[in-house]
Amino acid sequence: MTDIFMPSQITPSASTPRTDDELMDLLIQRLPERLQKVLNWLREPDRKWVRIPAGVLFMLGGVLSILPVLGLWMLPIGVMLLSQDIPFFRRIQGRVLRWIERKHPDWLGLPANGAAN
């Protein structure tokens with residue numbers, strides 16, 4: 001049976017929306033190789049036991065950014081790690097990734113869409 005409303009084969013195009021995981025992979029690919037390996041290791045499903053404490057510690061480090069070494073750069077990493085397991089942080093990550101895709105596609109290694117800002 002053929003459904004006239006659903007094509008039998010969908011071809012990906014430039015307008016096909018990317019998933020959050022695809023966008024996160026693109027963002028991670030832009031990091032140094034060593035950090036890529038660590039983040040990919042932490043994102044594996046069976047690493048939950050180390051990912052959640054690491055995410056909490058990164059977020060605390062971001063909040064304590066007035067101290068040396070710690071900084072606001074730690075907050076997005078903490079959100080990214082916690083987003084694997086906590087739906088609230090998954091929504092925040094999704095919104096941030098969509099904003100990056102729209103406003104700063106070069107951060108993901110994507111071609112600029114021609115829109116300014």
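**View 1. Arg43 and Asp25 meet side chain to side chain in a salt bridge, 2.7 Å from N to O.** A salt bridge here is a side-chain nitrogen of Lys or Arg within 4 Å of a carboxyl oxygen of Asp or Glu. Arg43 sits in helix H2 and Asp25 in helix H1, so this pair ties together parts 18 residues apart in sequence. Helices are DSSP runs (H or I, at least four residues), numbered from the N terminus. Keep in mind that this is a predicted model: local features need pLDDT of at least 70, side-chain atom pairs count only at pLDDT 80 or more, and totals for chains, interfaces and linings use all residues. Residues are numbered from 1 along each chain as its sequence is written, and side-chain values use heavy atoms, leaving out hydrogens and water.

**View 2. Arg43 also forms a salt bridge with Asp21, at 3.5 Å from N to O.**

**View 3. Over in helix H5, Glu101 and Arg98 lie 3 residues apart, about one turn of the helix.** Their side chains meet in a salt bridge at 3.6 Å, N to O. A search of the whole structure finds 9 salt bridges.

Key
Helices (H or I, at least four residues) and strands (E, at least two) are DSSP runs, numbered from the N terminus.
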